[in-house]
Amino acid sequence: MYVDVLVPGIWWHPLTYSTPQIVETGCRVVVPMGPRGGKRVGFVLAVKEKLDEKPSYEIKEVTEVLDQVPPLNEELWSLSEWISRQYLCSQSEALRLMCPPQVTKGCNVDHQDLSRQKPSRGTYQERCFYEASDEKRYARYVDIIEEAGYGLVFFPEETVARSFWDILPCHIKKKGLLWPSGGGKKGFDAWLKTRRGEVSVIVGSAGLLFAPLAPIDFILIEEEASSSYNFARYPYISLRHIAAKRAQTWGATLIFGGRMPSSRVYLLKKPQLEEKPKGQIHFVNIRKASCLELPGVTRGIPISSTLLTSSLDAVNSGKIALWILDRKGYVGEISCEECGWMMTCPECGSLCRLTRDIVVCPICGKRYEMPTVCPSCMSNFIMGRRPGIEALYRIARSLVDPAIPVHTWYKEESGKKRRTMVLNDLKDGGIIVGSRLSVTFCDDCFVGVVGWVDADAEARRPLYDARFTAFSMIWESRCRGKDPDSRNVIVQSRTPYRGWQRGLRRGWHLFWDEELAERRELGFPPFELLVEITGPLKITDDILPSLDKSGFAVYKPIADEGRLWVKTKDLKNMREALKPFFHISRSKVGFPKIRIWRD
DNA sequence: CCACCAGAGCTC
DNA sequence: AGCTCTGGTGGC
């Protein structure tokens, strides 16, 4: 007897082993692997009596059969295959993503027969609910959960999921589960409990995407356009895409909710905004605003009088003012004013930034002294450009009364302990200077003003979705959290109230209509998929002609860099063309990495 | 991807 | 000598 086994690895095909025992498809087995025969846990993909042809390799024997019945039900098993096709990855990688680590490591899972959990082809349907007020949305969600049976409820952030869980009525909580975010033993217990059929409604963040719930009557995705639904690690799956697939297989109702829709949902469903946010939005031209002088910086950051006075107003009435600048450190670039030399990392060649008098490479993390003399022209006109949060903090400190507390907030310094400290210090009002992350403070305290210090910076990033990112962040800051109706949002820009910014006042339908027209023209998502292939040059240089031959238009954004872009809808042929590069025999050369943007 | 091994660096 | 850590290796 032979079995095709999905062994953890990045090649796309299964490996064949022999076994004297009887095994079923979907069960886990332990197999020897590699030159030293290390033990791996794999899933059986297929069982066959004899081989089609003589293999060119030695066939090893299965060491141990771990399951009598498959640990995943039919829906999740075929979902892993679907994911491998949709995201051009191996099925074993999809399975690793889907299962708790205990399962892929080979821990015991109770031998339940899940074969009766057949996805019923009910009537799949979609519903949308876009509403600026968090309160109104959540109230609607509670109603939906009340009347529905089994379902998953997604929130983009763990803390928001928890606060929604807290407002749920007791009888729902009793049959429901707040999905633990950390994984570990707690996560495994939640997985087993769900699998045993002891819960019907699960609330949580992205981690519950593969909860073994069966059947599924509804799936609710709050703030469906949120970027936290795009996984940050390989394979780069989109939660919304996969959740929609799950809803379709179960014939469930899929509910999209949020403050604004994603490009794909807007294109397909043309949803309407129930009610515009009531808070005020102002646009300020920073070409005309004056800058403060900062030590070692050529061009400072302008703080308009509009932002300053309304911030002080907010602080004086005990509220918080948020000044948001999505740039870390003191300055983002170090350059010579005399000859134009820019400081790059001697190790990896990327542009360095200055943080607390120390030069840091943002890519490899190496640290250097700030140079005093330009190595190119020997002048001493070394200055910083593109000031960041630290510089903004100094500006804020110098502009407002020393009695007013000012704090910074960004990813590297955003611990739970520090957050309570900051909140406590700001309970009578104050200023937070930080990255986009600071918007979460709207949940915990009264934010009277949100100032987008350099609104153009985000929209300028060389990515097709940069304008959407900029727009959605500012839109979120208008609606999120406590008392958004009395909040002012101030957008500082060099091109105020033009282009993408106009939708901020008149509604996101205006933004999407213009943005989608342009993306359609250029063939960007959601009209086409954007496939990125990265790897060492010797691999991508092989792939390029091969894709070319299959009729794909391949772009190479940067010459002499192992990065390729393809705009296509045809993943099937793409997969065929890339297949040879994902055969196990290519191990020595290495494997490329694939990332797909869908909207 | 990931078990395995080798060699580096450290402590006793 | 014995320990942990880090990095290279290559696969049914």
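# Reading pockets, sheets and loops

Mentor: Let's start with a pocket: ten nonpolar, five polar and seven charged residues make up the lining of the second largest pocket. Here Ala, Val, Leu, Ile, Met, Phe, Trp, Tyr, Cys and Pro count as nonpolar, Asp, Glu, Lys and Arg as charged, and the others, Gly among them, as polar. Keep in mind that this is a predicted model, where local features need pLDDT of at least 70 and side-chain atom pairs count only at pLDDT 80 or more, while totals for chains, interfaces and linings use all residues. Residues are numbered from 1 along each chain as its sequence is written, chains are lettered from A and ligands numbered from 1 in the order written, and side-chain values use heavy atoms, leaving out hydrogens and water.

Trainee: What counts as a pocket, and what as a cavity?

Mentor: Both are found on a 1 Å grid over the protein atoms alone. In a cavity, a 1.4 Å probe fits but cannot get out; a pocket is an open set of points with protein on both sides within 12 Å along at least five of seven lines, and a lining residue has an atom within 4 Å of a point. Grid points are joined across faces, edges and corners, and the volume is the space filled by probe spheres set on the points. Our second largest pocket comes to about 690 Å³. Of its 22 lining residues, P14, L15, T16, P55 and Y57 lie nearest its centre.

Trainee: Which elements give two or more residues to that lining?

Mentor: β2 (15–18) and β3 (28–33) do, with β2 giving the largest share, three residues. Helices (H or I, at least four residues) and strands (E, at least two) are DSSP runs, numbered from the N terminus.

Trainee: And how many cavities of 30 Å³ or more are there?

Mentor: One. The largest cavity holds about 40 Å³ of space, and its lining is P71, L72, N73, L76, L114, Q117, W191, R195 and P212. That lining splits into six nonpolar, two polar and one charged residue.

Trainee: What does UniProt list for residues 5–100?

Mentor: A caution first: UniProt positions are given in the numbering used here, feature names are shortened, and annotations may be inferred rather than shown by experiment. The unreviewed entry lists "domain: Primosomal protein N' 3' DNA-binding" for residues 5–100. In the model this span is 22% helix and 26% strand, with its end C-alpha atoms 19 Å apart.

Trainee: How do I read a sheet?

Mentor: Strands of a sheet pair through backbone hydrogen bonds, either parallel or antiparallel. Pairing needs at least two DSSP bridges between the two strands. One open sheet here has six strands, ordered β6-β11-β10-β7-β9-β8, in parallel pairing. Its edge strands, β6 (125–130) and β8 (176–178), each pair on one side only. Inside the sheet, β7 (residues 151–154) and β9 (residues 201–204) run parallel over four bridges, and G151 stands opposite V201. Helix α4 (residues 134–147) packs on this sheet, touching β6, β7, β9, β10 (218–221) and β11 (253–258), and its direction makes about 155 degrees with that of β6. Contact means heavy atoms within 4.5 Å; axes are lines fitted to C-alpha atoms, for helices over the stretch in contact, and angles run from 0 to 180 degrees between N-to-C directions.

Trainee: Where is the antiparallel pairing?

Mentor: In an open sheet of four strands, β24-β25-β23-β26. β24 (554–555) and β26 (593–597) each have a single partner strand, so one side of each is left without a neighbour in the sheet. β24 pairs with β25 (residues 563–568) over two bridges, and Y555 stands opposite W565. Helix α18 (residues 537–549) lies across β23 (529–534), β24 and β25, at about 20 degrees to β25. Helix α19 (residues 571–578) touches β23, β25 and β26, making about 15 degrees with β23.

Trainee: Which peptide bonds are cis?

Mentor: Look at A214 to P215, with omega about -5 degrees, and Y234 to P235, with omega near -5 degrees. P215 sits in the loop between β9 and β10, while P235 is in the loop between β10 and α8 (239–250).
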